[in-house]
Each structure stands twice: as C-alpha cells, then as structure tokens.
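Biologist: Hi, could you walk me through this one? I'd like to start with the aromatic rings.

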Amino acid sequence: MGDSFHLSTADIAALAFFLLVWVLHTLASDGRLVSRVSLTTAMNAQRETWMRTMAEREIRIVDTAIMSGLQQGTAFFASSSLIALGGCFALLGASDQVLSVLSDLPFGTTSSRAAFQMKVLGLVLILAFSFFKFGWAYRLFNYCSILIGCVPIPHGEASRNPVTQTAVWRAARMNMLAGKHFNSGLRGVFFSIAYLGWFVDPIVFVLSTLLLLAVLVRRQFFSAARQAVIGQPPGAGNG
C-alpha cells in the first residue's frame, strides 16, 4: 500500500499516528474522552451565559461589537489559510529545490520526488479543511448576529417568557457551533505545523506531533487561561 502511494512503511505509520492524535485531541477538547473540563468546554458555558446576559440588555452595542470582533478574527484565519494553500502549490513547483535543501539536513532522509509531492498534497488537504472550517464559522457567526437581533427587547417579565428563552437558546447554540468550527479550523492550522516534520523524517514527524500535543493539552487542560475561566477569586467561597 505504501509503495502505491510512494510512501514507506515508516511514513504510513507516522501519518496514522498523526491522525490518531488529532482525533483523540479533538474528542478530549470537546469533553467526550476525559472528565476534566477543557478550556473549550468552559468557554462554551460562557458563550451561553453571554447570550442570557445579552437578553437582559436593552442596548446591545457591546454584543454586536463582540460579534464583529469574532467575525474579523475568523476572516483573518480564513485568508491566512488561503495564502498558505498558495504556498503549498508553490512548493509543488519547486519540488527539486526543496528536496535538495532537505537532503542537506543532518537528520533528514532522502525522499523521492513523488513522495514529497504526496506529502505536500496532504498539507494542502489540511489547510483546505481549515479554510472551509473558518469559512463556515464566519457564516455561523453571521447567523448568530441575526439570531441576536431576534431576541426581544426585555420589558419586565418579557426577558423570561418562553419566546425570549427560545430565542436566547437559538443564539447561544449558533454561537457555540460557530466556535466549534472555528476551533476545528484553528486546530487544523496547529496540526499543519506538526505535519511539517514529515518533510524531514517520519521520526521527526512523530516527535513534532508529540510536541504539539503536549502544548495543546497544556493549553486546554492545565493553562492559566483555563483557570481564569473556571476559577474563583480569593475568598469567593468563604461566604
């Protein structure tokens, strides 16, 4: 099988390990693999709280400003993914020059031109995946802005009636979905960096994947950012 794709057995094994790590990290971040609350899960709860707080406000300028910032950030990463895709096609046109550089590395292995191009195509797929995730997230954030506009202006008990609560739930759900797809796209960008190790050597590929995993696990489960979201100020629990 590896020969048919111009890849060695070590290449196939390293790629399988890379994909397995990606899937497991995605499941863990979404709260479907470990019981410890991740930063992503904690922020989803904050998104829901934001929508409930938004429903209590008569003037929602701050909410539209936040949505605008989320959309701009998503558009930036979508554009960056497209630029990176263009760089990948430039790599395909300069395969011989890049292979010459890689062969001079002290820890690199000699790779065939066909194998190198297969690896570049894999990188293209990762970046294309990220672009489509960012593009869809941008559209969902746009839909969320519309759903925020559908939440009735509060007047007394109006902020707690079933119609308002349904509108808040829809806006919160759309916001969380947009965040989920944005995170998927960003995760693809992160893993594309680890993927670059494959161009050097399968062992380097495995090591770069493990290094990236360590960084992402720390950020999701042990970072100061996570503690800032789920933590309590000193003395808050002493009544």
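Modeller: Happy to. Rings of Phe, Tyr and Trp (its six-membered ring) pair if their centres lie within 6.5 Å; planes under 30 degrees apart count as stacked, over 60 as edge-to-face and the rest as tilted. This is a predicted model, where local features need pLDDT of at least 70 and side-chain atom pairs count only at pLDDT 80 or more, while totals for chains, interfaces and linings use all residues. Residues are numbered from 1 along each chain as its sequence is written, and side-chain values use heavy atoms, with hydrogens and water left out.

Biologist: Thanks! How many aromatic pairs does that rule give?

Modeller: The count is 16 aromatic pairs. Take Phe77 and Phe134: the ring centres are 5.5 Å apart and the planes are at 25°, so this pair is stacked.

Biologist: Which helices do Phe77 and Phe134 lie in?

Modeller: Phe77 is in α3 and Phe134 in α5, so the pair ties together parts 57 residues apart in sequence. Helices here are DSSP runs (H or I, at least four residues), numbered from the N terminus.

Biologist: And is Phe134 buried or exposed?

Modeller: Phe134 is buried, at 0% relative accessible area. Buried means under 20%, exposed over 50% and partly exposed in between, with a 1.4 Å probe and protein chains only. Phe77, at 26%, is partly exposed.

Biologist: Which rings are linked into a cluster?

Modeller: Ring pairs join Phe18, Trp22, Phe116, Phe129, Phe191, Tyr195, Trp198, Phe199 and Phe205.

Biologist: Switching topic: which residues have the most contacts inside the largest nonpolar core?

Modeller: Phe18, Phe191 and Tyr195, in a core of 23 residues. Such a core is a set of buried Ala, Val, Leu, Ile, Met, Phe, Trp, Tyr and Cys residues joined through side-chain atoms within 4.5 Å. The largest share, 8 residues, comes from α5.

Biologist: What does Phe191 touch?

Modeller: Leaving out residues up to four places away in sequence, Phe191 has contacts (heavy atoms within 4.5 Å) with Phe18, Val21, Trp22, His25, Leu212 and Leu216.

Biologist: Why do you say the buried residues of α1 line one face?

Modeller: Among the buried residues of α1 are Phe18, Val21, Trp22 and His25. Seen down the axis of α1, the buried residues fall within an arc of 165° (taken from the directions from the axis to the C-beta atoms), so they line one face of the helix. They pack against α2, α5, α6 and α7.

Biologist: Nice. And what follows α1?

Modeller: Gly31, with a positive phi near 80°.

Technical notes
Helices (H or I, at least four residues) and strands (E, at least two) are DSSP runs, numbered from the N terminus.
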